[in-house]
Amino acid sequence: MSRSLSNKDAGFRNKQERAEYFLLDERRLRQTKVTDLDRKLWEKVIQFSDFFEDMLFTPGTITYPFLECKISDDNGNEIAPTAVLPVGLHNFNYNSFYYRVREMTPPYMACFNKANYSLKVDPRHIDDDYVILHEMIHMHEFVLEIYPTYYHDAILYSLYHDLRSKIEDLDRRMERQGHIVMQEELAQFGGVHDLLFLLKSFDLDLRMNYPLGTVFGYGMAD
Ligand SMILES: [Zn+2]
């Protein structure tokens, strides 16, 4: 099947179905030519994966209430069905991506490449966990981009609700980061660094005991 075929010719009903097909493509599960450093990167990603369960609506996380429903049946008995997640979130698997440690031209330290599903890190930064965490947010936001915005918004709201009691000047930080001039500048550097990205980066800073701004700024806290 060629990527140049139209959605209809390729048998996809819509853009979302096509994106899910390529996201869950199992060919990437059989990766070859993996170096020791590639494996080290992969192990770090798995080590940090628990921190990203909220971006997958896993039971017990701050986002899970957005899937739960409280409905009564005809007899007044409360039933609690759960909304069904789309396959890209429900079947999310870190095996769906390539992990590569390769030299990059400074100032680039790492990147998540949407076009070929790869997370690449420069060997000089393989021990900089904040760099890997930063790119993992890009990976998860990439999956969310396949779906309607309400998944993104549910996570954004849940993180805001959770962090506002933990970070005194959260609103000021969000207003500064969300300013269109700031967003335009960041967009030129590449990658989506929206408010969900900012909040998730603060959540990771707190989990890692980093000064606020470390994950967002690749180690440069403000
Ligand atoms: Zn980035």
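This is a predicted model: local features need pLDDT of at least 70, side-chain atom pairs count only at pLDDT 80 or more; totals for chains, interfaces and linings use all residues.

Student: Which way do β3 and β5 run, parallel or antiparallel?

Tutor: Parallel: β3 (residues 98-101) is joined to β5 (residues 118-121) by four bridges.

Student: Switching topic. What coordinates the zinc ion?

Tutor: Three histidines, His134, His138 and His193, each through NE2, at 2.1 Å. Along the chain, the donors follow the spacing H-x3-H-x54-H. His138 sits in helix α4 (residues 129-144), while His193 is in the loop between α7 (180-189) and α8 (195-208), so to speak a link between distant parts of the chain, 55 residues apart.

Student: Why does His193 count as buried?

Tutor: Because its relative accessibility is 7%, and the cut-off for buried is under 20%. His138 counts as buried too, because it comes out at 12%.

Student: What does His193 touch?

Tutor: Leaving out residues up to four places away in sequence, His193 touches His134, His138, Gln183, Leu186 and Phe216. With His134 there's also a side-chain polar contact of 3.3 Å.

Student: OK, now the core. How many residues are in the largest nonpolar one?

Tutor: It has 60 residues, and those with the most contacts inside it are Leu41, Phe52, Leu89, Phe97 and Leu119. Helix α4 gives the most to this core, with nine residues.

Student: Pick Leu41. What does Leu41 touch?

Tutor: Not counting residues up to four places away in sequence, Leu41 touches Tyr99, Arg100, Val101, Leu119, Val121, Ile126 and Ile132.

Student: Last one, helix α1. Which residues are buried there?

Tutor: In α1 (residues 15-23), the buried ones are Arg18, Glu20, Phe22 and Leu23. Their cover includes α3 (87-90) and α4.

Student: And what goes on at the start of α1?

Tutor: A side-chain oxygen of Asn14 reaches to within 3.2 Å of the backbone nitrogen of Gln16.

Note on methods:
Residues are numbered from 1 along each chain as its sequence is written. Side-chain values use heavy atoms; hydrogens and water are left out. Donors are N, O and S atoms within 2.8 Å of the metal (3.2 Å for Na, K and Ca); water is not among the atoms, so sites may look incomplete. Helices (H or I, at least four residues) and strands (E, at least two) are DSSP runs, numbered from the N terminus. Buried means under 20% relative accessible area, exposed over 50%, partly exposed in between (1.4 Å probe, protein chains only). Contact means heavy atoms within 4.5 Å. A polar contact is a pair of N or O atoms within 3.5 Å; within protein, one must be able to donate a hydrogen and the other to accept it, and residues adjacent in sequence count only if both atoms are side-chain atoms. A nonpolar core is a set of buried Ala, Val, Leu, Ile, Met, Phe, Trp, Tyr and Cys residues joined through side-chain atoms within 4.5 Å. Two strands pair if DSSP finds at least two bridges between them.
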